[in-house]
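Open the model in your viewer and keep the selection panel at hand. The stops below say what to select and what is there.

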Amino acid sequence: MRPHYQGQQIVIVGLGSTGFSCLDFFLSRGIVPRVMDTRVNPPCLNSVPAGVNYHLGGFNEKWLMTADVILLSPGISLAHPMLQAASKKGIDIIGDIELFCREIPPVPVVAVTGSNGKSTVTTLVTQMAQTAGWPVSMGGNIGIPALKLLKQKSRLIVLELSSFQLETTHTLAAKAATVLNITEDHADRYPLGLNQYQAAKLRIYQNAHTAVINADDPLTLPRNGTQKSATKFEVSFGLNQGQYRLHQDGHDFWLQASDQNVLNTKDMKLIGKHNYLNALAALALADAVDIPREASLKALIEYKGLPHRFEKIFEKNGICWINDSKATNVGSTLAAIKSVQCQGTLHLLLGGQGKSADFSILQPDLNQNRIQIYCFGQGAETLAALRPEVSQRTETLEQAMKLLKSRLKKGDTVLLSPACASFDQFSDFEQRGQEFSHLAKELGA
């Protein structure tokens, strides 16, 4: 039975796109919530309708402590003392995904999380369904906020979910759910370390019909009895193990399902072993919700990948330039380094805002003769110290790229895979990737 919220005091914390989707949801039902934002002048403040009371520049303690339901935007931590006090008082603190789950019609949901690759897998499953002719909706941490999907008629809903969103989600019951991988990320948000981050990710398995697990990553396994019993089936994928795996036959690599070769990777536009792993995960999810296999394989052949995600953007004179600006954590950069097929030198661009990450995890993979490293931005000093004898430091990405240009030879690869957020010098990873792509075509020509 869906809750009605009539007569309840609703408080929305955060005036980003998620907060506005929550505001629209309640207003459409004749409920006028209060809204607050810790910023003094949040974007789109002028879009708040007349008659909605708002508080800026911090938390309004009185509003929080007298609320029946608090809608928390994912960018705000549950660890804040005022939110902890509200929780102890028994006030219902949820996010937009939990609100969505309480309202969703009886449509199967595919739920995807992980430190890396979740946008690619979410988009792939969506395209597989579309190729089969299914009406499908995609949202959550990608595309449009989940609540807006309630207005669409779909046969399948595909959600990308972040750990922040999963923290405040309690009743998600996905038809198929996956944690693609877990590597250290958001250390600034999870002071108790990797286990705290992992616990948030694993919440996606609760009440799931099928858990699609990474056989190569033990951290993705359902961890406790509650999650284990709530999940009816488990399916695994991996590079060398699992029901869905990568199989080498001579010089060819095949996607396999249940020991059957189903697709030669030569027929795919995606490149890199980490992307083949993403393809296997997407295929497992698609099979779990009965998308016709023929449609799924056709989508895998046609799919070109998302911008800024291990995207080969330019190749000339035997030199390849790859834009992996979306690699905002160490795990993603490790996957990119392992996936590069390079006959010559790999010129690796690292840098940005480090998010308190432990970069030392990169060290073994950086200790190769074929690698030259160029570090820029806020994290340059820390990153260059990993292997100072082959590292160059610059202030900006542009300076680093102009520096490496004179060193390029046939067979070399230039890879932007920063292992950092972009906010020290760019508005987002897209802007960083766009600058790299522009400079690559200019310098490479």
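Strands here are DSSP E runs of at least two residues, helices are H or I runs of at least four, and both are numbered from the N terminus. Two strands count as paired if DSSP finds at least two bridges between them. Within this pair, Y374 stands opposite Q392 of strand 19.

A note on what is on screen: this is a predicted model, in which local features need pLDDT of at least 70 and side-chain atom pairs count only at pLDDT 80 or more, while totals for chains, interfaces and linings use all residues. Residues are numbered from 1 along each chain as its sequence is written, and side-chain values use heavy atoms, with hydrogens and water left out.

Which residue forms a salt bridge with K338? The partner is D365, with the closest N and O atoms 3.0 Å apart. A salt bridge here is a side-chain nitrogen of Lys or Arg within 4 Å of a carboxyl oxygen of Asp or Glu. The pair links distant parts of the chain, since D365 sits in helix 12 (residues 363-366), 27 residues from K338. K338 is exposed, at 56% relative accessible area, whereas D365 is buried, at 15%. Buried means under 20% relative accessible area, exposed over 50%, and partly exposed in between (1.4 Å probe, protein chains only).

Select R387 and E389 for another salt bridge, again with closest N and O atoms 3.0 Å apart. R387 counts as buried because its relative accessibility is 10%; E389 is exposed, at 57%.

Move to D252 in strand 13 (residues 252-257). D252 forms a salt bridge with K266, the closest N and O atoms being 2.7 Å apart. K266 is exposed, with a relative accessible area of 60%. The structure holds 11 salt bridges.

The last stop is a UniProt annotation. An unreviewed entry lists G114, S115, N116, G117, K118, S119 and T120 as "binding site"; positions follow the numbering used here, feature names are shortened, and annotations may be inferred rather than shown by experiment. Select N116, in the loop between strand 6 (109-113) and helix 5 (118-131). N116 is buried, at 13% relative accessibility. Leaving aside neighbours within four places in sequence, N116 is in contact (heavy atoms within 4.5 Å) with L180, N181, T183, N329, G331 and S332. Then select T120 in helix 5, buried at 6%. With residues up to four places away in sequence not counted, T120 touches N275, N278, Y303, L306 and R309.
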